[in-house]
Amino acid sequence: MTEYQTPKDRAYTDTLIKSAPKEAAAFLNLKHTAERKDGVIPIKYRELMSVAVALTTQCAYCIESHINNAVQAGATREEIAETVFIAAALRAGGAVGTGLMAMRIFEEASTPTD
């Protein structure tokens, strides 16, 4: 295999959906609901949140899709840039948060039990 993720993979969309139709329908309904334009949160902000999540999950297809959607909804280069750094800070903050748990587990594992 010479590459892992490529836009050519999109050719398998129908295959994936047809191979698990109930699961695909549920996923697509959730996706449609989350991306609806009539929600209380304006579409531009929904898309900027989606960009942040896509950056943290590192889904290349999601990043591409939601950047394009955000631009269509009026997002600026500066808003995308701030979104990148907010996502990066929160992802790093998550490591600190789980690091606190790691310290507790270390303490528990290092404490002799009688």
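What follows is a short tour of helix packing.

Before we set off, note that this is a predicted model, in which local features need pLDDT of at least 70, side-chain atom pairs count only at pLDDT 80 or more, and totals for chains, interfaces and linings use all residues. Residues are numbered from 1 along each chain as its sequence is written, and side-chain values use heavy atoms, with hydrogens and water left out.

Helices here are DSSP runs (H or I, at least four residues), numbered from the N terminus. Let's begin with H3 (residues 43-57) and H4 (residues 60-72), whose axes are 9 Å apart and which pack at an angle of about 160°. H3 is therefore roughly antiparallel to H4, a label for angles over 145 degrees. Such axes are lines fitted to C-alpha atoms over the stretch in contact, and the angles run from 0 to 180 degrees between N-to-C directions. H3 and H4 cross in a left-handed sense, meaning that the near helix is turned anticlockwise from the far one by less than a right angle. On the H3 side, the contact (heavy atoms within 4.5 Å) is made by Glu47, Leu48, Ser50, Val51, Ala54 and Leu55, and on the H4 side by Cys62, Ile63, His66, Ile67, Asn69 and Ala70. By class, this contact of H3 with H4 has eight nonpolar, three polar and one charged residues. Nonpolar covers Ala, Val, Leu, Ile, Met, Phe, Trp, Tyr, Cys and Pro, charged covers Asp, Glu, Lys and Arg, and the others, Gly among them, are polar.

Now follow H3 to its packing with H5: the angle is about 45°, and the axes are 9 Å apart. H3 and H5 are therefore oblique to each other, and their crossing is right-handed. H3 brings Lys44, Leu48, Val51, Ala52, Leu55, Thr56 and Thr57 to this contact, while H5 brings Glu79, Ile80, Thr83, Val84, Ala87 and Arg91. These residues of H3 and H5 divide into seven nonpolar, three polar and three charged.

How does H5 itself look? Helix H5 (residues 77-110) has 34 residues, which at 1.5 Å a residue should span 50 Å, and the 49 Å between its end C-alpha atoms agrees. Its buried residues (under 20% relative accessible area) are Ile80, Thr83 and Ala87, and they pack against H3 and H4.

Finally, look at Lys18 in helix H1 (residues 13-19). Lys18 counts as exposed, at 67% relative accessibility, where exposed means over 50%.

Definitions and conventions
Helix = DSSP H or I, 4+ residues; strand = E, 2+ residues; numbered from the N terminus. Parallel < 35°, antiparallel > 145°, perpendicular 65-115°, else oblique. Expected span 1.5 Å × (residues − 1). Buried < 20%, exposed > 50% of the residue type's maximum accessible area, 1.4 Å probe, protein only.
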